[in-house]
Amino acid sequence: MKIDKIAVIGGGAWGTALAQMAAAGGDDVLLWAREDEVVGAINRIHQNPIYLKDIPLSESITATANFSDLSEADAWLVVTPAQHMRAVLSRAPCPGMPLVLCSKGIEESSGLLLHEVAHDVCETSPVAVLSGPCFAHEVAKGLPTAATLACEDAELGKALHDRLARPEFRLYWTDDVAGAEVGGAIKNVLAIACGIVEGKQLGQNARAAVIARGFAEMKRFGAAVGAREETLAGLSGMGDLVLTCTSTASRNFSLGKAIGEGQEVADLMRDRTTVAEGAYTAPVLHRIATEKGIDMPIVAMVAGLLAGKFKIDEALEMLLARPPRAEAV
Ligand SMILES: NC(=O)C1=CN([C@@H]2O[C@H](COP(=O)(O)OP(=O)(O)OC[C@H]3O[C@@H](n4cnc5c(N)ncnc54)[C@H](O)[C@@H]3O)[C@@H](O)[C@H]2O)C=CC1
Ligand SMILES: O=C(CO)COP(=O)(O)O
């Protein structure tokens, strides 16, 4: 099996960066974007002026707003915000098309992981997941990056690896699709928590505690949905957790930081141009954890703070008042 022609669905920062990476060898790449302004600018001046400003893009990238153009591709990279993936895929002619899911989240309405949503909408499509510590602007500039490529079909996984990996974009493979998705979805919620710690000036010890105990929550959730612990300890889990929990380049961390500094959640969420997935993942993750009896206190606090159920000082008090426990998960 050989994958040559790549199409990318989603002209945000990450879709644009992935199109840039897929076009780095000079191969033509088709990028579907929702905004006419993005389509026009990519085709005319090879830039994405809304989502990835000031980064020159490869002339091998062509943008389109027509789903019908995508049927010529050998595989699609799906890079919409998680909550819009079902609606966008439902409009695209996907029978049998291999899909590489690059978004990070859990569908709020159904509680499904994104590979389950893709199977729902595109029943005959084989599905892979690409996830890891990858700030879009760094990938678009060709800075060294490593990520996880998860695919149950080994032949398709190898073909995707051969087409997408580059020396500066190193892909490690696994067949643990759920594992790769769980890490990417949960780290966004934990990044909001770490941003709150930063904004509230609770200290670096507290941030390290959130990362380590948040990882324990990730492992508990993973075990309940069949994710392998070794995947969570890799790039898509621990790797992305460290990146996103320690940098203001993360939208999730920055959202948390602003909340920690005392800004109102409603103001911060209103009129956002870019997506902070953790704000949508936190409530559904908390709901699933409660239903399945999975202990996820940090996730519960983030969900409660976003919903305005309590103040940060109260959340901190509740976390610190939890009964002592053994460290092992
Ligand atoms: N930016 C990054 O560094 C990375 C992002 N991701 C993930 O990629 C996914 C996409 O994120 P970004 O490209 O960063 O987005 P972005 O924040 O740069 O852009 C927002 C995107 O949302 C789309 N959008 C807004 N309203 C929509 C609607 N009603 N229906 C369909 N699409 C709509 C816009 O067209 C645009 O493509 C997210 O799940 C994110 O977690 C994953 C790795 C890195
Ligand atoms: O997923 C990311 C890096 O791997 C991007 O993080 P943010 O969505 O928080 O900006």
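Two strands count as paired if DSSP finds at least two bridges between them, with strands (E, at least two residues) and helices (H or I, at least four) taken as DSSP runs numbered from the N terminus. The model here is predicted, so local features need pLDDT of at least 70 and side-chain atom pairs count only at pLDDT 80 or more, while totals for chains, interfaces and linings use all residues. Residues are numbered from 1 along each chain as its sequence is written, and chains are lettered from A and ligands numbered from 1 in the order in which they are written.

In β3 (residues 61-64), Ile61 is the bridge partner of Val29. That contact belongs to a parallel pairing of β2 and β3 over 4 bridges. Getting from β2 to β3, the chain goes through helix α2 (residues 36-45) in a right-handed β-α-β crossover (clockwise from the first strand over the helix to the second, with the strands pointing away from the viewer).

Strand β1 (residues 6-9) also pairs with β2 in the parallel sense, again over 4 bridges, and Ile9 sits opposite Trp32. As for β2 itself (residues 29-32), Val29 and Leu31 point one way, Leu30 and Trp32 the other, and all are buried (20 or more other C-beta atoms within 10 Å of the residue's own, with C-beta atoms placed from the backbone).

Methods. A residue is buried if 20 or more other C-beta atoms lie within 10 Å of its own, exposed if 12 or fewer, and partly exposed in between; C-beta atoms are placed from the backbone.
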